[in-house]
Structures are given as structure tokens and as C-alpha cells.
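This briefing goes through one protein model by topic. Please look over the sequence and the structure before reading on.

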Amino acid sequence: AEGCAALETFQGARTPETDPKARGALYGLTLKHGRGHVWRALLEATALGTRASVDALTQNGPKEDLALSGGATRSKLWL
């Protein structure tokens, strides 16, 4: 996202670190950044958060299946 980055904890943090008071942020944002940069930063942050959750869930061994739910499941980009 060309230096624009996000913390995707706008509704608190989830697995593996639970913190309902955590807040999200955009940083590195400048006037050169547009909506696409912000969107990409949010996608990357969400993907990294999801990866951390999967890593925490599988640290005691691999899982056979992983079920997804929510709005992202309607997007070919995510799946």
C-alpha cells in the first residue's frame, strides 16, 4: 500500500490476543495516498490478523478443515 498501513482492530482485538479496548488506526497516510491505498492497507491488515488467528489455532497440530463466515466469504478476492 506504498507506506500506508493499518491496524484492523476497529472493533477490538480478537484471537490470539483478545482486547476489546484495542482500537484500529491508519498510519503512514499522506496526500499521495488514495482510496485504493487505504483499501489495500486494510486488506493486508485483516489478512495478517487472520493469519495470526490461524497460527494460534493450529499451534497444537494441523487442522483438517477451516470454516469461514462473514462478509468476506462473499468475495472471490478473499477466498
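A residue is called buried under 20% relative accessible area, exposed over 50%, and partly exposed in between. E44, at 30% relative accessibility, therefore counts as partly exposed. The model is a predicted one. Its chain holds 1 helix and 2 strands, arranged along the sequence in the pattern β-β-α.

**Overall form and surface**

- Taken along the principal axes, the C-alpha atoms of the protein fill a box of roughly 45 × 30 × 20 Å.
- The protein has 79 residues, and 18% of them count as buried.
- About 6300 Å² of the protein is accessible surface, and carbon and sulfur atoms account for 56% of that area.
- When contacts between residues at least 6 apart in sequence are considered, 54% of them join residues at least 24 apart.

- Side chains of opposite charge can pair when their charged atoms come close.
- The cut-off used here is a side-chain nitrogen of Lys or Arg within 4 Å of a carboxyl oxygen of Asp or Glu, and by this rule the count comes to 2 salt bridges.
- One of the salt bridges joins the side chains of R40 and E44, with an N to O distance of 2.6 Å.
- R40 and E44 are 4 residues apart in helix α1, so about one helical turn separates them.
- A salt bridge also links D55 with R51, where the closest N and O atoms are 2.8 Å apart.
- D55 and R51 are likewise placed in helix α1, 4 residues apart, which means a separation of about one helical turn.
- D55 is partly exposed because its relative accessible area is 36%.

**Other residues of helix α1**

- Is S53 buried or exposed? S53 is buried, since its relative accessible area is 11%.
- S53 belongs to helix α1, and leaving aside residues up to four places away in sequence, S53 touches R14, T15 and P16.
- A52 is also located in helix α1, and a relative accessible area of 28% makes A52 partly exposed.

- Which residues make the nonpolar surface patch of about 720 Å²? The patch is made by W39, L66, L68, L77, W78 and L79.
- L68 is placed in the segment after α1, the helix that spans 35-57.
- L68 has a relative accessible area of 54%, so L68 is exposed; patch residues must have over 30% relative accessible area.
- T73 is found in the segment after α1 as well, and T73 touches L68 and L79 when residues up to four places away in sequence are not counted.
- T73 is partly exposed, because its relative accessible area is 30%.
- T73 and A22 are 51 residues apart in sequence, and their C-alpha atoms are 25 Å apart in space.

- L31 sits in the loop between β2 (25-27) and α1.
- The relative accessible area of L31 is 90%, so L31 counts as exposed.
- L31 and A67 lie 36 residues apart in sequence, and 39 Å apart in space from C-alpha to C-alpha.
- E2 is part of the segment before β1, the strand at 5-7.
- E2 is exposed, given a relative accessible area of 55%.
- Most residues other than glycine have a negative phi.
- E2, a residue other than glycine, has a positive phi near 55°.

Terms used
Residues numbered from 1 in each chain as written. Predicted model: local features only at pLDDT ≥ 70, side-chain atom pairs only at ≥ 80, totals over all residues. Heavy atoms only, no water. Patch = residues over 30% accessible without salt bridge, like charges linked within 9 Å, V, L, I, M, F, W, Y side chains within 5 Å. Areas by Shrake-Rupley, 256 points an atom, 1.4 Å probe, with all protein chains shown as cover. Buried < 20%, exposed > 50% of the residue type's maximum accessible area, 1.4 Å probe, protein only. Contact = heavy atoms within 4.5 Å.
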